[in-house]
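Some notebook entries from a friendly afternoon with this model.

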Amino acid sequence: MTARPRWRDPLLWSSLALAATVLLMPLAKPLFARLFPALQRPLFALDSLPDLLLGHVVVVTASSAAAVLLGVGAGLFVTRPAGAEFRGMVATIVAIGQTFPPVAVLAVAVPLIGFGFEPAFFALLLYGLLPILESTVAGLASVPTEAREAARGMGMGEGALLRKVELPLAAPVILAGIRTSVIINVGTATIASTVGARTLGLPIIVGLNGANPAYILQGAIPAALLAVVLDLAFGRLLAASQRWRA
Amino acid sequence: MIELEHVTRRYGAAVAVADLSLAVGAGEFCVLIGGSGAGKSTTLKMINRLVDASEGAIRVGGRDIRELEPAALRRRMGYVIQSIGLFPHWTVARNVGTVPELLGWPAATIRDRTAALLARLGLAPGEFLAKYPHQLSIGQQQRVGIARALAADPDILLMDEPFGALDPITRMALQAEIAAIQQESGKTVVFVTHDIDEALRLASRIAVMERGRLVQIGTPMELLTAPASEFVRDLVGGDDLGIKLLGVATVASRLRAGETAPGVPIAAAASLRQALSRMAAEGRDRLAVVASDGRPAGTIHLADLLRR
């Protein structure tokens, strides 16, 4: 990567823009009043945006972390000799998970586990699993066979082989899958507000119900900025994971 | 050092190696040669248990390798493969230090050993230690591959067509390198190839394999002068038999000591084949010979080359 002055770092700027958006939104009240003169309440005031952003980050982080554990774990399992015969079955199950729209999962989850964080967590987890599993399998398949043979031939055990050779070489592909999964989850997490999870979807849902476009913007803009920040952060991580290629 | 006793390896109904017995003494350079599917790679891999024998026993240093833990066994043997298999995400330094690291050597010892080995293989440590494999030519990569195999100073070196992917010039250079390393270190080498010239150049003994069976084992000279079968005769010589015979004997063996001759001298360690080539190119029937210390040793005559 070419040297760039720190102050021109897009990750820094998009993070600052996100923080400013949620903290300074009340100051933008005259702007929304001007944009939407017909609205009586142009500023979303049911909940604080910083709190909603935090809730959003928490549900995305928790569900993505669980999806990474399960997805990478399942990917590792089905690529080991012991788990090879489960490969087709696991791929099918996870793909089915992906075909359920998250809204449907939320609707089914609520009667089972109630309102709030939990149904959102499970819906996002299910939805984020497929890209991670697939990228783990693809990443491990991309490890050169000669590197494996050399490692075994030099007396590396299976654990060391995985830790020192296979995972580092597969990391860029796996990270790309996690990146896709997380970015999708940031968007999908807005829907989770319908079941009572506190996310940036709340102003959007309330705005949709009350025909208030100002509310929709006040939820959608920080949600979009959060996706941009995370995408840039993953880009950074991805570059670090394959610095040796430079 | 390495003994194979009635070793067979089956893959389902197919037999890759059939009832093979072979003993490789300490310090020997043993080359396994044969066409593809002859079972030579399988034989090599059974020695470090990358493949387990279906029947028979293999002993290394007197111990049956089935009693040894495979990883521990492999760390005692250098392993070089045709596809090289350097770890692309590690620097040259870390690649070379792989086995010492697995053995838990102190970092400073690994660093010194790595630098010394690179220098021994003609790669300036200052320039190459921090490089990644993809920044090297194939020839340089295989030099690193050999350094990696030698890193923990194993007594045994297993080489599976190590120079098969190299261009002829690089291959010759690395053949000379490995021959010199083997001679100065006294390591036991088992080397798989399908290139008879490579085998004749390097081997102290050649084992010829055909469809999983050992068909002849002997010194290069024995193979050339007394091939056990039509197959071996075709493999080792064919029309070039005379030239190949000249290739395995040195000028020193036909030296006329005390005589002198004009022209650029030839080294006593050079092959008779090189001497013949020089004579043909220069239109001479004799050459001056110098010893390895550069002092005149005598002459070699064309007529002496034709003596059997």
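I count two residues as in contact if their C-beta atoms, placed from the backbone, lie within 7 Å. The model is predicted, so I keep that in mind throughout.

Entry 1, a helix pair in chain A. I looked up H1(A), residues 10-24, and H10(A), residues 213-241: their axes come within 9 Å and cross at roughly 155 degrees. Angles over 145 count as roughly antiparallel, and H1(A) and H10(A) are therefore roughly antiparallel to each other. I noted their crossing as left-handed.

Which residues meet there? On the H1(A) side I found, among them, A:Leu11, A:Leu18 and A:Val22, and on the H10(A) side A:Leu225, A:Val229 and A:Arg236 are included. By class, this contact has 13 nonpolar, three polar and one charged residues.

Entry 2, the chain contact. I see 18 residues of chain B in contact with 14 residues of chain A. On chain B's side, H2 (70-75), E6 (77-81) and H4 (98-102) each supply at least two residues, and H2(B) gives the most, with four. That side of chain B divides into 11 nonpolar, five polar and two charged residues.

I traced an open, mixed sheet of six strands in the order E6-E7-E8-E3-E9-E10. E6 and E10 (213-218) are its edge strands. Neighbouring strands are turned by 15 degrees against each other on average, direction ignored. Inside it, E3(B) and E9(B) pair in the parallel sense over four bridges, and B:Val31 has B:Ile206 as its bridge partner in E9(B). Lastly, H1(B), residues 40-47, lies across E3, E7, E8 and E9 of chain B and runs at about 150 degrees to E8(B).

Key. Residues numbered from 1 in each chain as written. Chains lettered and ligands numbered in written order. Predicted model: local features only at pLDDT ≥ 70, side-chain atom pairs only at ≥ 80, totals over all residues. Axes fitted to C-alpha atoms, helices over the stretch in contact; angles between N-to-C directions. Parallel < 35°, antiparallel > 145°, perpendicular 65-115°, else oblique. Left-handed = near helix turned anticlockwise from the far one by under 90°. Nonpolar A, V, L, I, M, F, W, Y, C, P; charged D, E, K, R; others polar. Pairing = 2+ DSSP bridges.
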